[in-house]
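Here are a few friendly notes to read alongside the model. Take them one at a time, and keep the picture open as you go.

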Amino acid sequence: MQNAKKLVALFSALLFALVLTSSILFVAVESEHNCTGNDCQICEQVSICLHIFDNTTPDPEVNTPAIFAGFAVVLCIGFEIVCKKLNTLVDLKVKLSD
């Protein structure tokens with residue numbers, strides 16, 4: 001069950017990164033297109049991509065301390081988990097014989 005949750009979280013993160021990357025690339029490629037006027041489909045798609053990017057990225061002026069604090073907490077927890085020594089009977093090489 002735990003592996004399934006990790007797999008879903010990884011897939012969601014990859015999908016989110018793919019959407020943001022494809023939006024940025026589309027805007028970069030189509031920034032100098034030949035506009036046909038008011039009903040230009042490319043201009044409409046660029047507007048949607050910019051809207052997605054604006055809604056998914058934090059405002060740097062407001063959230064910077066919170067972002068740094070969050071990264072610090074995640075790094076500390078990850079470091080503690082990786083460096084934590086397990087004190088199991090197998091790790092301590094305890095022989096369980098009667």
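1. Start with confidence: pLDDT is the predictor's own confidence in each residue, on a scale from 0 to 100. The chain has an average pLDDT of 76, and 81% of its residues score at least 70. Where pLDDT is low, the predicted coordinates should not be read in detail.

2. Some ground rules come next. This is a predicted model, in which local features need pLDDT of at least 70 and side-chain atom pairs count only at pLDDT 80 or more, while totals for chains, interfaces and linings use all residues. Residues are numbered from 1 along each chain as its sequence is written, and side-chain values use heavy atoms, with hydrogens and water left out.

3. Now the fold. Helices (DSSP runs of H or I, at least four residues) and strands (runs of E, at least two) are numbered from the N terminus. The chain has three helices and zero strands, in the order α-α-α from the N terminus. Mean pLDDT is highest in α1, at 81, and lowest in helix α3 (residues 60–83), at 73.

4. How much of the chain is buried? Buried means under 20% relative accessible area, exposed means over 50%, and partly exposed is in between (1.4 Å probe, protein chains only). Of the 98 residues, 6% count as buried. The accessible surface (Shrake-Rupley method, 1.4 Å probe, with only the protein chains shown counting as cover for residues) is about 8900 Å², and carbon and sulfur atoms account for 67% of that area.

5. Look next at helix α1 (residues 2–29), where you will find Val 19. Val 19 is partly exposed, at 35% relative accessible area. Together with Phe 11, Leu 15 and Leu 18, Val 19 makes a nonpolar surface patch of about 390 Å².

6. Helix α2 (residues 41–56) contains Leu 50, which is partly exposed with a relative accessible area of 40%. Leu 50 and Ser 23 are 27 residues apart in sequence, yet their C-alpha atoms are 7.5 Å apart in space.

7. Cys 40 counts as buried at 6% relative accessibility, whereas Cys 43 is partly exposed at 32%.

Methods
Patches are made of residues with over 30% relative accessible area and no salt bridge: like charges are joined within 9 Å, nonpolar side chains (Val, Leu, Ile, Met, Phe, Trp, Tyr) within 5 Å. A salt bridge is a side-chain nitrogen of Lys or Arg within 4 Å of a carboxyl oxygen of Asp or Glu.
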